[in-house]
Amino acid sequence: MEELPLQPAGILMQNDFITPEHEAELLEIFRHKLEWPQRPGRVSLHYGYTFSYKTFGIDQDIPFISFPDWLVPLLPTTEGRPPDQICLQYYAPGTGIPPHVDTHSAFDQLYALSLGAPVFMQFRDGATGRRVDVDLLPRSMMQMRQDARLHWTHGIKSRKTDTLPDGTVRPRMDRWSLTYRWLRERAVCDCGNEKLCDTAQRKINVERVYRWKDYEAEDKKKEEEALTAKVLDKGAQTSLA
């Protein structure tokens, strides 16, 4: 793999990680032989340990899922060690993923294999606001480490097209990705980034904000508002009587 000559540092890329014929076989499996969640937009399947969308770490309540035969030839290794968690995601045309960093304490470096249609992934430096777009081509394997992994967020904008540097407008089509994660030893990150690193935040007694907590708070607020409205309505009916 070769490191891309841009900021953030730590984005390595290998084009044509697999052949077009191999990709076609995989897309046939993805389309017709896997059971996907029945909902629109971006959907996921998990192998090895299951990724938790509540804690953004490992879901300890779900047993380890063995890698299927089609996945084994696609496994990258770091220091001879296969990944601990793999997420297969389908992106419907126009679907994206919000800017984020994968949990520092839970996971070490990341790999991602892109299949199907190309798409731009945007990296953003929270300190300066600088944004860098990286074109993820079909069959390309990307590795994120160093700044790209720890100090810049990454995401995919939800939109129907991407505009290339030469002005060409490229429609979004069906896309799949395989994200490979390795569990971090001791579950401790030493990067010190207090804005993005959960280990650094714990050291200064800052609780990490989880989206599901926001949703729970919003639901509770709606329930309280509905109860208040019901009490007021009942009171108004009593007064009229």
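In which strand does Gln 122 lie?

Modeller: Gln 122 lies in strand β7, which covers residues 119–125. Strands here are DSSP runs of E with at least two residues, helices are runs of H or I with at least four, and both are numbered from the N terminus. A word on the source first. This is a predicted model, in which local features need pLDDT of at least 70 and side-chain atom pairs count only at pLDDT 80 or more, while totals for chains, interfaces and linings use all residues. Residues are numbered from 1 along each chain as its sequence is written, and side-chain values use heavy atoms, with hydrogens and water left out.

Back to Gln 122. Its relative accessibility is 16%, so Gln 122 counts as buried. Buried means under 20% relative accessible area, exposed means over 50%, and partly exposed is in between (1.4 Å probe, protein chains only). The side chain of Gln 122 makes a polar contact of 3.4 Å with the side chain of Arg 131. A polar contact is a pair of N or O atoms within 3.5 Å; within protein, one must be able to donate a hydrogen and the other to accept it, and residues adjacent in sequence count only if both atoms are side-chain atoms. Setting aside residues up to four places away in sequence, Gln 122 touches Arg 131, Val 132, Asp 133, Thr 153, His 154, Gly 155 and Lys 157. Contact means heavy atoms within 4.5 Å.

Next, Asp 162. Asp 162 is found in strand β11, residues 161–163. With a relative accessible area of 1%, Asp 162 is buried. Two arginines meet its side chain. Asp 162 makes a side-chain polar contact of 2.9 Å with Arg 159, and one of 2.9 Å with the side chain of Arg 172. Not counting residues up to four places away in sequence, Asp 162 touches Val 119, Phe 120, Thr 168, Val 169, Arg 170 and Arg 172.

Gly 94 sits in the loop between β4 and β5 (97–100), and is buried, with a relative accessible area of 17%. Gly 94 and Asp 162 are 68 residues apart in sequence and 9.7 Å apart in space, C-alpha to C-alpha. Leaving aside neighbours within four places in sequence, Gly 94 is in contact with Ser 158, Arg 159, Lys 160 and Arg 172.

Now the rings. The structure holds 10 aromatic pairs. Rings of Phe, Tyr and Trp (its six-membered ring) pair if their centres lie within 6.5 Å; planes under 30 degrees apart count as stacked, over 60 as edge-to-face and the rest as tilted. Tyr 47 and Trp 70 have ring centres 5.7 Å apart and planes at 85 degrees, so this pair is edge-to-face. The pair links distant parts of the chain: Tyr 47 is in strand β3 (residues 43–48), and Trp 70 is in the loop between β3 and β4 (85–91), 23 residues apart. Tyr 47 is buried at 10% relative accessibility, and Trp 70 is buried at 13%. In Tyr 111 and Trp 182, the ring centres are 5.2 Å apart and the planes at 55 degrees, so that pair is tilted. Tyr 111 in strand β6 (residues 107–116) and Trp 182 in strand β13 (residues 175–183) are 71 residues apart. Phe 30, Trp 36, Tyr 47, Trp 70, Tyr 90 and Trp 176 form one aromatic cluster.

Two arginines sit over rings. The charged end of Arg 175 is over Tyr 91, 5.1 Å from the ring centre; Arg 181 is over the face of Phe 107, at 5.5 Å. The test needs NZ of Lys or CZ of Arg within 6 Å of the ring centre and within 35 degrees of the ring normal.

Last, confidence. pLDDT is the predictor's confidence in each residue, from 0 to 100. The chain averages 89, and 87% of the residues score at least 70. Residues 211–217 stay under 50, with seven contacts in the model beyond four places in sequence. Where pLDDT is low, the predicted coordinates should not be read in detail.
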